[in-house]
Structures are given as C-alpha cells and as structure tokens.
Amino acid sequence: MRLIARLLMGVLLLLGAVPIGHTAAPPTRLPAPTPAHLAAPSPERLAALARGVNLTNWFRFPPRADDEALRTYISDTAIAALRRAGFSFVRLAVQPELLEASPHRLDLLVESVRRLQQAGLAVVVEAHPTTWHLEQSAADRGRLLAFWRLVAPALRPLDPRLTYPEILNEPVFAGAPQAWEALQDDALAVVRAALPDLTVVLTGSDWGGVDGLAALHPVSDPDVVYSFHFYEPSELTALAAYRPGLDRAALARVPFPSDDAGCRAAADSAADDATRGLMAFVCSMHWDAARVGARIERAAAWGRDHHVPVLLGEFGATRALNAPARLAWLEVVRRACERRGVGWALGGYDDSMGFGVDPRAARRPAPGGGVSGRSVMDRATLSALGLDAVE
C-alpha cells in the first residue's frame, strides 16, 4: 500500500494536483551521470593512500601567513623524513579563507604540493573552511563551489598519480544528510570537469564520522574514495574538549584499554563530581580493541557492501592523555584498519593529536642553545603506527 501511495503522490505532483498545504515527500535525488571513461581507483592509487599523516597548520591557521612563511613552513629535510619513516601520503588542510584573502597564495599551495610529491608522497588536498556555515548559508555553499573552481584547475599540472582532491573536511549537516549529498555532488561535478583523471575523496555528513559514512549514498562516479574520521571516545582522545570546566588532568589518567582498577584510580583523583560522573560513563562502555574494531568494521563493511574503497582520513589522541593509553589506542586503531585493508592518516604531524611537531622549531634557536618546541617525530608514536623512527 505504501508503494501505491507513493506512486499516486508522484502522479499528483506531476499534474500539479497536490492540495495546497499538503506536505509532499521530498523527491528522490537522482545520481549524476557517470563519465564513460571513468573507472574505479587503480590498485596503485589505493596503495598510495595506505599510511598518511595530516599537515594541519600549513595552509590552515598558519602561524604566519606571509609568502615566505608559507613557502618555508616545512623543510625538505622534514618532508624526506616523512617518506623515510614509511608514510605514503600527506593530507593537506587548505583553508579557503586564506586563498580568498590573497588569491596568489594558490601558486604557493601548488608549489608546496609539488615539493611533497617530489619526495614521493601522495597528497590529499582538502577544503578546510573555518568560518563557513554551509548548513544555513547559500552564500557559503557557493563559496565551496567557487573554491573548487579555483583550485581544481590549478592542480592539473601536478602528478595525477599522487594528487587527490577531497571535497570538504568534516561536513556537519546534522539531520540533513541529503542536503550534504546534493552539495557534494555539485562540488564533485566542478572538480571532475577540471580533473577528469584524478581520484576524488568524498565523505559523509555528521562531522565525517563512521555514522555519517554509513548514512551516505555512494555516487555513480567510480573513481572516488570514501573517507571517515575516528576519535572515539572523544572523552578519552580529546579529554572531552567539547565540555568546559572539567578536570582535564584527571581525565588524562583514564586507561585504555578500559579496566576497573585504572578507572577507579582515575576517578578518585578527580576534583569534581561532574568529571567523576563523565569518567564513570566512559569507563562503563569498556572501550578496548574489540569495541574500536567494531566501529572501524562498520565503516569497512559499508565499503564492502557498496564495492567502494574506504579511507580513515583522520584519527588521533591528544598528547595530554597518559602515554600508555594514547599509544595503545593509536596502535589499536591502526591495526584495526590494516586488518580490513583500510588506509589511514594520523591527525596530524603538526598537531597535538598526533606528533605535535612545530616545523619551525628546527630553525628557531632556544635560550641556552638547541631548538625550542618539538622538531622531530617521536619514536613512540611512530612505533604505535608500525613505522620506523628516523633521525
């Protein structure tokens, strides 16, 4: 009966016979036509996305945004160290507002991507706006399309085997995944018109997480990879940064894998009931390798069901978390991905959720000699990622 009712409603809509005031079901979104020459990503292109790291503060919230600072943000030596450690790609955050303010920075962006590729690294170039409100603002949605009309043609001279445009970082669209899919389709059409031979990275709504991916309808374009992000549980990995006023020092003592004795000890050290209550909640969920694996499996299973490749584009845990828990969580996530053939990217090289490297530190003298800030990737994090330490 439901099918008959839907068919009748469709006929009425076509005839303009739906009564005024009656709310019709939203029309089904038709997939965009697939260019005939496109094929699924080659094994070589998927292999390039096996082990990655995010560069978060180069073209997004840079410490300095003048041309020279952008050009020299990371040295060739540091880039080579990434490759020697075993990374196969970099995910480069690009803040559209940065290019809007000075369009000539696009040349610096392309030059920087080329430097990374010359070291043998593939590069995911992802749009990472910080002031837009895409869910409410048609103007901002237009800015996303304008960003790709500007950037996609500029990527043409780069090595197509090592260049991967990613439509948008962590779209939200809470409760409106279809609106995000429609916008992503429009942006994909813009990118594909300029870059017909590149593999494009897409993502789901709900901050680009596992659940957003699971709700996504794959596009008809086969030369794409679907990305998701994973920071679960955020009370552990980000010390519940979403909630002010908690005892972060106590939260940082929460163990992973979860165990009753460690949880009790951490809770006993908390300065307030709110923190103790949150810790009790997190510990009651018993996060361990099996629970993490089940979440990664949901994303991997979605990919298998739709016969499409899946990528963990970001994962990480704050360096403020106790080291045993942090390193164990990183290793568990990495192994869960590798067991399922899912590539991954730590978030990130120059971010406290990853290595926490300050690329400028190697060139900035510290009082009393040496350098200030972390200037190299630490061995413990590299080991958790299954990679080699480099000097």
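The expected span of a helix is 1.5 Å times one less than its number of residues. Helix α13 passes that test: its 12 residues should span 16 Å, and its end C-alpha atoms are 16 Å apart, which agrees. The model is predicted.

- Strand β2 (residues 89-94) runs parallel to β3, and 6 bridges join the two.
- In that pairing, phenylalanine 89 stands opposite alanine 122 of β3.
- Strand β4 (residues 163-166) also runs parallel to β3, and 4 bridges join these two strands.
- Glutamate 126 has glutamate 166 of β4 as its bridge partner.
- Between β3 and β4 the chain passes through helix α7 (residues 138-154), and this β-α-β crossover is right-handed.

**Threonine 163 in strand β4**

- Threonine 163 belongs to strand β4.
- Its relative accessibility is 1%, so threonine 163 counts as buried; the cut-off for buried is under 20%.
- The side chain of threonine 163 makes a polar contact of 2.8 Å with the side chain of glutamine 117.
- A polar atom of the threonine 163 side chain also lies 2.7 Å from the backbone oxygen of aspartate 159.
- Leaving aside neighbours within four places in sequence, threonine 163 is in contact with Gln117, Val123, Leu155, Leu158, Leu198 and Thr199.

**Helix α13**

- Helix α13 covers residues 273-284.
- At its start, a side-chain oxygen of aspartate 272 reaches to within 3.2 Å of the backbone nitrogen of alanine 274.
- The buried residues of α13 are Thr275, Leu278, Met279, Val282 and Cys283.
- Seen down the helix axis, these buried residues fall within an arc of 135°, so they line one face of α13.
- They pack against α10, α11 (248-251) and α12 (260-268).
- After α13 comes histidine 286, which has a positive phi near 55°.

**Helix α15**

- Helix α15 (residues 323-339) has 17 residues.
- From first C-alpha to last, α15 reaches 24 Å, close to the 24 Å expected at 1.5 Å a residue.
- At the start of α15, a side-chain oxygen of asparagine 322 comes to within 3.0 Å of the backbone nitrogen of alanine 325.
- Buried residues of α15 include Ala325, Trp329, Leu330, Val332 and Val333.
- Two arginines of α15, Arg326 and Arg334, are buried as well.
- Ala336 and Cys337 in α15 are also buried.
- Strands packed against by the buried residues of α15 are β6 (224-230), β7 (310-315) and β8 (343-346).
- Helices packed against by these residues are α10 (234-237), α14 (289-306) and α16 (379-384).
- Just after α15, glycine 341 takes a positive phi of about 70°.

**Cis peptide bonds**

- Glutamate 232 and proline 233 are joined by a cis peptide bond, with omega about -10°.
- Proline 233 sits in the loop between β6 and α10.
- Phenylalanine 256 and proline 257 are also joined by a cis peptide bond, with omega about -5°.
- Proline 257 sits in the loop between α11 and α12.

- The loop between α10 and α11 holds alanine 240.
- With 0% relative accessibility, alanine 240 counts as buried.
- Histidine 286 is another residue other than glycine with a positive phi, here near 55°.
- The loop between α13 and α14 holds histidine 286.
- At 45% relative accessibility, histidine 286 counts as partly exposed, because that class lies between the buried limit of under 20% and the exposed limit of over 50%.

Key: Residues numbered from 1 in each chain as written. Predicted model: local features only at pLDDT ≥ 70, side-chain atom pairs only at ≥ 80, totals over all residues. Heavy atoms only, no water. Pairing = 2+ DSSP bridges. Right-handed = clockwise from strand over helix to strand, strands pointing away. Buried < 20%, exposed > 50% of the residue type's maximum accessible area, 1.4 Å probe, protein only. Contact = heavy atoms within 4.5 Å. Polar contact = N/O pair within 3.5 Å; in protein donor to acceptor, adjacent residues only side chain to side chain. Arc of directions from axis to C-beta.
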